Amino acid sequence: MAHAAAALCMGRSAHRMCLHVSSNLSRRVRVCRHLCSTPTAATAATGDRPLVVLGIESSCDDTGVAVLTSDGRVLGEALATQAELHAPWGGVVPSIAQAAHKEAIDRVVDQALAQAGISAAQLDAIAVTVGPGLSLCLDVGVRKARELSRQQQLPLVPVHHMEVGGQRL
């Protein structure tokens, strides 16, 4: 079962927001706050407005995308499942998973943004799973995240989804 996992730690603000998103069947969102000493341009640029982050997860067999805020709200999310594609083999076939991610990634990102009612220009950062996972699959999500990051001139936040997903508040 795939889950969109993203993390955002935007600098050293007075109340640094670390946004942890785990979007799976229970669609949990976890937000933790860490005390730090000095504000950054990232936090100062948004003022009191919560940060808006697009998280991409493509580590195995599903393509997951979520748009969320640093105050813990999920604005939009989309998931393209591959369960039926892999069922005949009784497990994930990496080349089939990669092809399905490539086919789905643009659509899933667009669906999540549309559900959130925002455009990519309104995002504050892009987060993407970089591991662990199938390298063929991770590459699809990372390439899309890098493309969006470059187009919108946004920070790109690499995420280890096992570390983020396992945290408790």
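This is a predicted model: local features need pLDDT of at least 70, side-chain atom pairs count only at pLDDT 80 or more; totals for chains, interfaces and linings use all residues.
**Exercise 1. Work out the order of the strands in the open sheet, and find which strands stand at its edges.**

Step 1: The 5 strands run in the order β6-β5-β4-β7-β8, with mixed pairing. Strands here are DSSP runs of E with at least two residues, helices are runs of H or I with at least four, and both are numbered from the N terminus. Two strands pair if DSSP finds at least two bridges between them.

Residues are numbered from 1 along each chain as its sequence is written, and side-chain values use heavy atoms, leaving out hydrogens and water.

**Exercise 2. In which sense do β4 and β5 pair, and over how many bridges?**

Step 1: β4 (residues 52-57) and β5 (residues 63-69) are antiparallel, over 6 bridges.

Step 2: For a spot to look at, Gly55 sits opposite Ala66 in β5.

**Exercise 3. Is Glu77 buried or exposed?**

Step 1: Find Glu77 in strand β6 (residues 74-80).

Step 2: Its relative accessibility is 18%, so Glu77 counts as buried (under 20% relative accessible area; exposed is over 50%, partly exposed in between, with a 1.4 Å probe and protein chains only).

Step 3: Now look along the chain: the C-alpha atoms of Glu77 and Ala116 are 7.7 Å apart, though 39 residues separate them in the chain.
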